[in-house]
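Let's take a friendly walk through this model together. Have the sequence and the structure open side by side as you read.

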Amino acid sequence: MVARVSADVTACIGSGQCVLAAPDVFDQDDDGTVTVLDHEPPDDFLASVRSAAQRCPVRAITVDSRSEAPERPYRN
Amino acid sequence: VSTDPGTEYPNGATDDLPYLPVGVEGLFDPPLELARWRNETPLHRIRMAGPESHPGWVVLGHRVAREVLGDPRFEKVFTRDGGIVLPAAGPQAHRGRSGAGEDDAARERHGTHEGDRCLAAAVSELDELSRSGDPIFWNAPEHTRLRGQLAKFFSVRRIRELRPDVNAIVSSVAARVEEEGDPIDWVESVAVRVPLQTICRFVGLTDPSALLANTQDLFATETSGFTVTAEQLERLFVEAESAVRRASSSSDNLIGNLLRESNLTEREIVGVAMAIAQTGFHTTVHLLASAFFALLADRSRWVRLCNEPSLILPAIEELMRFLTISRQSAHVRRAVEDVEVAGVQIKKGDWVHVSLPAANRDPERFPNPDELDLDRDASGHVLFGFGARQCLGQNLVRVELDVLLNEMTRRFPTLRLAVPPDEVPLSKGAHILFAPRTLMVSW
């Protein structure tokens, strides 16, 4: 199972909460906008990535946990 | 921007609705009614304060608080003169240790955030085209445009670059405290000095007295937790204007950055500098003072931080959650259309106050919420609000607290209150913006 991390740069307000929560996975560019450093972070980072998604004030971060083959059903 | 930000209210009468309960329970706690209400419902009907008091809602649950603050269908409400609307007031407003006299009640009913009202007036005088140079008074899309230009100067990396300066400020403040000796008022000598010097450095102001002439001015009034006199505002304006004039393209501060990297006019930059300096200073003083009060009220907490510095970062979040110094200011919203929230129908035009202290003490999100638990992961608290208006300066505050607690636990491991905790006087506006007025300590 791989967690796919994405961020909506148009929603981002640059609060940096994701960087505080998961500095190995998120950074801010020169405008303060989120950049995802690792779209498929190792499982060890999952808790902090979920914390980042939870802390984001504009809910710009999505963590999609699903099986690698897209035709298989989503796992909850 | 709404052309009329006034207080018209279309939906219903107040009848027998209660005012928002306010006051301080025990040493630090928000009113007990908030928890009682929250046990029944995440949204409770209240009678809003204001010149034409009318029905409204208070949001009590953590999840719903985030939902409302993050939903653009709720816009921020301002008074006609540009002030921030406070939800509470009225006969029930004054209880507990921060109780105030009847004389202040009428003034507070208008719910105007005095400092911000003055700021708005000064800035809009300056720029007749703009309703106000202070982004606090804007809604989308103007708010979004300006916020976007400011955000990059508050990124985690940019704020971390300021850390050596904060280190130097804290270190000199600590040295001065050692020199002055104990007992000493920690509010005046630490909680005020550190944010005052830090925000001046960050913004690019050189005269700290432009922000504060007398510490007790911060805590003397009830209206907003602090009041800025017209004179003080004029000094700040003059200082900000001259700071913008003397800034060069190499100036390593917010004013220099804005001149270089934004398309704001110089007039707008003066307004932004004033707004950031004011809001970044007053709120931080209250948080720092309250944090030391909470850590020292039960000294075992201070001792733990002295022995386990790695606890300082999570402890900062927990102190922010537990204290939630922003007890009612600035979080009144108005529904711009009919919205259903947590199964409740909010009508277009309804006013909704989000109670940050109630949300941060929601047991669904923070088990055993009335406990200050230094081992708790309190991230996700809403002290800084939520949504597109979440506090711009939150990362700066975190750095200040981090540096300060590391330095002071190292230098003053024997720090203790010089008076019993229940004799520590609170700010007159502590039910709005919580803080001790003085904090006498020894070591």
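In α2(B), the buried residues are His62(B), Val64(B), Ala65(B), Arg66(B), Val68(B) and Leu69(B), where buried means under 20% relative accessible area, exposed over 50% and partly exposed in between, with a 1.4 Å probe and protein chains only. Helix α2 of chain B covers residues 62-69, and because six of its eight residues are buried, the helix is largely enclosed by the rest of the structure. Helices here are DSSP runs of H or I with at least four residues, strands are runs of E with at least two, and both are numbered from the N terminus.

A word on the basis: this is a predicted model, in which local features need pLDDT of at least 70 and side-chain atom pairs count only at pLDDT 80 or more, while totals for chains, interfaces and linings use all residues. Residues are numbered from 1 along each chain as its sequence is written, chains are lettered from A and ligands numbered from 1 in the order in which they are written, and side-chain values use heavy atoms, leaving out hydrogens and water.

Next, find the open sheet of chain B, whose three strands follow the order β4-β10-β9 with antiparallel pairing; two strands pair if DSSP finds at least two bridges between them. β4 (184-185) and β9 (416-417) are at the edges with a single partner strand each, so one side of each has no neighbour in the sheet. Two bridges connect β9(B) to β10 (residues 440-442) of chain B, and Arg416(B) stands opposite Ser442(B) in β10(B).

Finally, look for charges over rings: the charged end of Arg45(B) sits over the ring of Trp57(B), 4.4 Å from its centre, and Arg321(B) lies over the face of Phe366(B), at 5.3 Å from the ring centre. This label requires NZ of Lys or CZ of Arg within 6 Å of the ring centre and within 35 degrees of the ring normal.
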